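Please look over the sequence and the 3D structure below before reading on. The report that follows takes up a few features in turn.

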Amino acid sequence: NYLHDEILQDLLSMKNLIRKASQPDVGRLLEETLQKLMVSIRSQMQFYHPAFSNALTFRENLQAALDSIQRESGTVLSLDCADTVFLIEPYAMPVCRIAKELVQNALKHAHASQVIVKLQQENDEVFLQVKDDGIGLFASTDDLRAHRGLASVREQVGLLQGSISIRAVPKKGTNISITIPMKGEESYAHFIGR
């Protein structure tokens, strides 16, 4: 959807404008569109493959990702996660991606003023909860199906053999809880397959 709606549409528009590129206004429009595309692509690259520092704990990396969202939005984001949480691959990147997507959904669609992200690791399971004080999304099943970001989250959770629970109360917020089993043999296969 992102490639079609954002990238392809802008490229097609630019292709049509190239014939008129000698006109100053058109040249400026082409340059602005290219700049917008570069910013958008960089943002998507960061979303799909966040930069993780090996010098930081998982919690510190997740906090850094949430801090960047908070700076852009001005919304209060809280992280409840112990420094001892240690997610190995292939779990660290998807869990971070899922948390970011759910936070961005709360800001964009629920108009939340506060979002709380809670992450726990117990034995061989990861528990992620994202709660907001927004308008309470997903009044109907159709709302759930039509939401692309949530569909992506569901797909990622499914690929990790996890489960997702969504509770929304109109005008009181949404609470999304995810449980993901961490399996040692999958981590081993991930490293062997590199």
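## Confidence in the model

This is a predicted model, and the average pLDDT of the protein is 82, with 82% of the residues scoring at least 70. Residues 187-194, however, have a pLDDT below 50, and this stretch makes seven contacts in the model beyond near neighbours in sequence. Where pLDDT is low, the predicted coordinates should not be read in detail.

## Helix H3 and its surroundings

Helix H3 runs over residues 58-73, and its 16 residues reach 23 Å from the first C-alpha to the last, which is close to the 22 Å expected at 1.5 Å a residue. Several residues of H3 are buried, among them Phe58, Leu62, Leu66 and Ile69, and what covers the buried residues of this helix includes strand E1 (76-81), helix H4 (92-108) and strand E2 (114-122). Just after H3, Gly74 takes a positive phi of about 80°.

## Two loop residues with positive phi

Asn123 is not a glycine, yet it has a positive phi of about 50°; this residue lies in the loop between E2 and strand E3 (125-132). Asn123 counts as exposed because its relative accessibility is 75%, which is over the 50% cut-off.

Gln161, also not a glycine, has a positive phi of about 60°, and its place is in the loop between helix H6 (148-159) and strand E4 (163-169). With a relative accessible area of 43%, Gln161 is partly exposed.

## Cysteines

The structure holds zero disulfides. Cys81 is buried, because its relative accessible area is 6%, and Cys96 likewise counts as buried, at 0% relative accessibility.

Methods. Residues are numbered from 1 along each chain as its sequence is written. This is a predicted model: local features need pLDDT of at least 70, side-chain atom pairs count only at pLDDT 80 or more; totals for chains, interfaces and linings use all residues. Side-chain values use heavy atoms; hydrogens and water are left out. A disulfide is a pair of cysteine sulfur atoms within 2.5 Å. Buried means under 20% relative accessible area, exposed over 50%, partly exposed in between (1.4 Å probe, protein chains only). pLDDT is the predictor's confidence in each residue, from 0 to 100. Contact means heavy atoms within 4.5 Å. Helices (H or I, at least four residues) and strands (E, at least two) are DSSP runs, numbered from the N terminus. The expected span of a helix is 1.5 Å times one less than its number of residues.
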